[in-house]
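Trainee: Please take a close look at one chain and walk me through how it is built and what it touches.

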Amino acid sequence: MQTAWCMLGDPHLAERMGQAGFVAAVADLQHGLLTCDQLSAFAASAESANVAPLVRMPEGAFGDVGYAFDIGFEAVIFPMIETAEGARALVAGGKYPPQGRRSYGPIRALPNSGLSKSGYLADANGRHLVFAMVETARTLENLNDIAATPGLDGLFVGPNDLAISLTGGEDTDPGAAEVTQALELVLSACAANDLISGIYANTLDLAFEFAARGFRLIAAGNDMTLLADAAGAMRAGFFNRLEGDKT
Amino acid sequence: MTTFDKREEGFEKKFAHDAELRFKAEARRNKLLGLWAAEKMGLTGDEAEAYAKTVVMADFEEPGDEDVFRKVRADFDDKGIDQTDHQIRRTMDELLAQAIDQIENEA
């Protein structure tokens, strides 16, 4: 399925993505303009449009994974997981025992779930998902151990960072042959460990290609490029119509 | 069923709905385009309706809109109707928007 990817600093974007037909929207805290204090409003905005709120965390913020779930996010996409130890830290932050050691305090998640306290506790590890990002050569070396981490729900490829890592800093091309090869490793690891495969696609063509390869969660483009493209199309359409009417 | 499966199911339902809406809207657009072209060619009543049906049928030749455009273009050329490619394509765009609007408001 497709998810929107939001980088601009406005929680209302989640609602607008729902209006556009998306069923999920990622708030990008690692590279986007959204800040932590906008996150619960982003989740509420997503829920109002029946959109699943997802978040890409900043690097190393293991302690905040549980909080993202507390305030209503359904899934966390966590950058730069390079070792099984990193994957275990992610699970520890996002899952209640026995899988992890998430601290209890689901301030929005519990009342919005309609469940009892014990009902939410029993359901929480299945309802809030953790994805480890695959972005470096080191991650690929440790991929099987990472993928086998109990409690991990998915792998999410960042093909731009992966291209930079695999080409030794030469290239950001997500279509590079090295990246394409790595995608097959990720898909195999997902199949072997019953994980959800996800990926970011810079363009519609890449999104199609990734879907054809079998990725299940695909982020196609982001709000900044979509806005600029739509504005450009409107501007060009106006110009072309003026020109067309002269002929 | 996990959260993700449920979300995926929601996505597939929406996808099926969008595909159906698009199919209906294109068929409606083709009919409206046929009636517009019929008027340009001086056809009225049953003749106009019959012509519009041939435009709807033209869309089954191949995926996309080009088959519909070619049909109207050829008929205009046959009858010596003065409409540019740009005018035909623009009318197709406008009528598609109108068709989507009509179908959504009927639902």
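Mentor: What follows is an account of chain B, from its fold to its side facing chain A. This is a predicted model, in which local features need pLDDT of at least 70, side-chain atom pairs count only at pLDDT 80 or more, and totals for chains, interfaces and linings use all residues. Residues are numbered from 1 along each chain as its sequence is written, and chains are lettered from A and ligands numbered from 1 in the order in which they are written.

Chain B has four helices and zero strands, where helices (H or I, at least four residues) and strands (E, at least two) are DSSP runs numbered from the N terminus. The C-alpha trace of chain B spans about 60 × 25 × 20 Å along its principal axes. Its radius of gyration (over C-alpha atoms) is 17 Å, whereas a compact globule of 107 residues would have one near 13 Å, by the rule of 2.2 Å times the number of residues to the power 0.38.

Of the 107 residues in chain B, 19% are buried, that is, with 20 or more other C-beta atoms, placed from the backbone, within 10 Å of their own.

As for chain A, 12 residues of chain B are in contact with 13 residues of chain A, contact being C-beta atoms, placed from the backbone, within 7 Å. Helix 1 (3-40) and helix 4 (85-106) of chain B each give two or more residues to this side, and helix 1 of chain B supplies the largest share, eight residues.

Terms used. Contact = placed C-beta atoms within 7 Å. Buried ≥ 20, exposed ≤ 12 C-beta atoms within 10 Å, placed from the backbone.
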